[in-house]
Amino acid sequence: MHLAQMNIAHMRAPKDSPELAGFVAALDPINRLAEATPGFVWRLKGGDGAQDTVEHDYGDHLLINFSVWESRDTLWDFIYRSGHLAVLQRRREWFLRMAEPYTVMWWIPEGHVPTLAEGMERLERLRAQGPTPEAFTFKDFHDAPCDRGAEGADGAEGVREVEAPAM
């Protein structure tokens, strides 16, 4: 199984504005870093295969990041233990705060390429139902179906609480 992850962000200004220039300048280097990171499998690219942002019908100022990783640990290492962290720490300069979940993860069979519609559906499921094995976060992580042990006495199955860095 591979780990799919999608996160969205509402840009403070149009992508070509001076306010987002620092973010736009970081896109290509961060995308190249992701693709070179051990455990990276796939990421959604623009319609022309560009290294840039993805065109979609979910709103002009919504930025979508969507990728697949070999494991939780490989995704974690890219996000919090690589040059990506410096860009992540500046997100408030470029993006609005969101009151509802803006990132979601779920397990997919190796070789499956998830669609943007699938990612948006998983995010909506997380928002409506909270974390489940079908839509979860680092904080309320669910192991891959093949990694789940026997159900515990409290009925919890395959759930690991992980302390995520403050956002």
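# Strands, core and salt bridges of a predicted model

Visitor: What makes β3 mostly covered?

Guide: In this predicted model, 7 of the 8 residues of β3 are buried. Buried means under 20% relative accessible area, exposed means over 50%, and partly exposed lies in between (1.4 Å probe, protein chains only). Helices (H or I, at least four residues) and strands (E, at least two) are DSSP runs, numbered from the N terminus.

Visitor: On what basis does the model rest, and how are residues numbered?

Guide: The model is predicted, so local features need pLDDT of at least 70 and side-chain atom pairs count only at pLDDT 80 or more, while totals for chains, interfaces and linings use all residues. Residues are numbered from 1 along each chain as its sequence is written, and side-chain values use heavy atoms, with hydrogens and water left out.

Visitor: Which elements does the protein contain, and in what pattern?

Guide: There are 5 helices and 6 strands. Along the sequence they follow the pattern β-α-β-β-α-α-α-β-α-β-β.

Visitor: What joins β3 to β2, and β1 to β4?

Guide: Between β2 and β3 there are 3 bridges, and these strands run antiparallel; here F40 stands opposite W69 in β3. Strand β1 (residues 2–10) is joined to β4 by 6 bridges, also in antiparallel fashion, and N7 faces T103 in β4.

Visitor: What makes a set of residues a nonpolar core, and how many residues has the largest?

Guide: A nonpolar core is a set of buried Ala, Val, Leu, Ile, Met, Phe, Trp, Tyr and Cys residues joined through side-chain atoms within 4.5 Å. The largest has 45 residues, and those with the most contacts inside it are M6, I8, W106 and F138. At least two residues each come from β1, α1, β2, β3, α2 (72–80), α3 (84–88), β4 and α5. The element that gives the most is β3, with 6 residues. Of the 167 residues of the protein, 43% count as buried.

Visitor: Why is the pair K45 and E35 called a salt bridge?

Guide: A salt bridge is a side-chain nitrogen of Lys or Arg within 4 Å of a carboxyl oxygen of Asp or Glu. The closest N and O atoms of K45 and E35 are 3.5 Å apart, so the pair qualifies. K45 lies in the loop between β2 and β3 and E35 in helix α1, 10 residues apart. E35, R43 and K45 are linked in a network of salt bridges.

Visitor: Are K45 and E35 buried, exposed or in between, and why?

Guide: K45 has 30% relative accessibility and therefore counts as partly exposed. E35, with a relative accessible area of 29%, is therefore partly exposed.

Visitor: Why do D73 and R72 receive their accessibility classes?

Guide: Their side chains meet in a salt bridge at 3.2 Å, N to O. R72 counts as buried because its relative accessibility is 9%, whereas D73, at 46%, counts as partly exposed.

Visitor: How do you know that R90 and E93 form a salt bridge?

Guide: Their closest N and O atoms are 2.9 Å apart, so the pair falls within the 4 Å limit. R90 is partly exposed, with a relative accessible area of 37%, and E93 is partly exposed at 43% relative accessibility. In total, the structure holds 10 salt bridges.

Note on methods: Pairing = 2+ DSSP bridges.
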